[in-house]
Amino acid sequence: MKYLFAAVMLASAVAGFSEAASAAEGCGPGWYRGRYGNCRPMGGRPPVVVVAPRPAPVVVVRPRACPYGLRWYAGRCRPF
């Protein structure tokens, strides 16, 4: 029973380390760390990534309506 338990533990450790080796230091499968620490593809060209452009932000300007005799200055209505 001891030997069976040890064999199962050894097999699970080997399986666990083989999956971590394919991660290539955090770059993912098929990539490796370059000379300056950036991720580089292992041979060939890197895959093409298509990113859709973000929509333009909508800016809504609220009207500054001050009562008669006041004007908008420094963020609030102030007298002349």
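**Notes on a chain with two disulfides**

1. Cys 66 counts as partly exposed, at 22% relative accessibility; the class covers values between buried (under 20% relative accessible area) and exposed (over 50%), taken with a 1.4 Å probe and protein chains only. Please keep in mind that this is a predicted model, in which local features need pLDDT of at least 70, side-chain atom pairs count only at pLDDT 80 or more, and totals for chains, interfaces and linings use all residues. Residues are numbered from 1 along each chain as its sequence is written, and side-chain values use heavy atoms, with hydrogens and water left out.

2. The partner of Cys 66 is Cys 77, joined to Cys 66 by a disulfide with an S to S distance of 2.1 Å; a disulfide here is a pair of cysteine sulfur atoms within 2.5 Å. This pair links distant parts of the chain, 11 residues apart: Cys 66 sits in the loop between E2 and strand E3 (70–73), and Cys 77 in strand E4 (residues 76–79). The S-S torsion of Cys 66 and Cys 77 is about -85°, so this disulfide is left-handed. Cys 77 is also partly exposed, at 28% relative accessibility.

3. Now to the other pair: Cys 27 and Cys 39 are joined with S to S 2.2 Å. Cys 27 belongs to the loop between H1 and strand E1 (31–33), while Cys 39 lies in strand E2 (residues 39–41), 12 residues away. With a torsion of about -80° about the S-S bond, the disulfide of Cys 27 and Cys 39 is left-handed. Cys 27 counts as buried at 14% relative accessibility, whereas Cys 39 is partly exposed at 34%. Counted along the chain, the bonded cysteines follow the pattern 1-2, 3-4.

4. On the overall fold, the chain has one helix and four strands, in the order α-β-β-β-β along the sequence. These elements are DSSP runs numbered from the N terminus: helices are H or I with at least four residues, strands E with at least two.

5. Of the 80 residues, 6% count as buried. Among contacts (heavy atoms within 4.5 Å) between residues at least 6 apart in sequence, 0% join residues at least 24 apart.

6. The accessible surface comes to about 7700 Å², 65% of it belonging to carbon and sulfur atoms, by the Shrake-Rupley method with a 1.4 Å probe. Leu 4, in helix H1 (residues 2–21), is exposed with a relative accessible area of 55%.
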